[in-house]
Amino acid sequence: MIAVLQFGCGKHAEMLDMSQDHHQHRCNLFGYKYIQEREQKTSHPIWEKSRMVLNALKEGMDVVWIDADAVWVQGDIGDPIRMFSGISMAYHHYDEHGPHFNAGVMFIRNTRETIEAVQEWIETPVIDEIWVDQVSLNHVATRVPNLFRRVGHEWNSVEWLPRYQHPNPNIVAWHGKPDLALQRIPRYVKLSQQRESNRSGSP
């Protein structure tokens, strides 16, 4: 079983309001399980990601994580998790933070090694007070680099950063720009729905 996970509270809950039906539909198309949560259960909302990922892995599921400020826009990509192994993410290099795996979108196969890595992620002390969990995850990646895989920017296309945009993205994101995400998510949901409608209406 493949599970698509999302979490949101505050502004990010508003983002989920805009995209949840769309993501549920995408999951239905491919037989994924859609799991969305909005209640904070950890010390900070940012740690809900690792908690939800670990729970899903322990329940025997492969995981697709999509931040609330991102939208799965392509409906014809098949089962993306089957393309990847280990813990797969796009690799970005924001000027002030250096090169890093971007944990806003993750594809995680269910193995003993990935479960152990996620557990270590949770247990890693906070190294950076701004990027918090992402820095901790990248710290784990330096310890077990063979477990981490880079994927193309089409899987995490950051609309406001031209060098990390893709002309035909599978997932569009607005990491770090919540107000922009709130403006743009409805447009991308509508475009994706129109694209699907056009395909289904083709001879």
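Helices and strands are DSSP runs, a helix (H or I) having at least four residues and a strand (E) at least two, numbered from the N terminus.

**View 1. Residue G60 after helix 2.** In this predicted model, helix 2 is followed by G60. The phi angle of G60 is positive, near 90 degrees.

**View 2. Burial of helix 2.** Helix 2 spans residues 48-58 and is mostly covered, with 9 of its 11 residues buried. The buried set consists of E48, K49, S50, R51, M52, V53, L54, A56 and L57. Among the elements that cover these buried residues are strand 1 (2-7), strand 2, strand 3 (62-66) and strand 7 (105-108). Helix 3 (112-123) and helix 4 (133-143) are also included in this covering.

View 3. Strand 9 and strand 10 (residues 171-173) run parallel and are joined by 2 bridges. Across this pair, V158 stands opposite A173 of strand 10.

**View 4. Confidence in the predicted coordinates.** The mean pLDDT of the protein is 89, and 90% of the residues score at least 70. Confidence is highest in strand 2 (residues 33-37), at a mean of 97. Strand 6 (residues 98-101) has the lowest confidence, at a mean of 82.

Notes. Residues numbered from 1 in each chain as written. Predicted model: local features only at pLDDT ≥ 70, side-chain atom pairs only at ≥ 80, totals over all residues. Heavy atoms only, no water. pLDDT = per-residue confidence, 0-100. Pairing = 2+ DSSP bridges. Buried < 20%, exposed > 50% of the residue type's maximum accessible area, 1.4 Å probe, protein only. Contact = heavy atoms within 4.5 Å.
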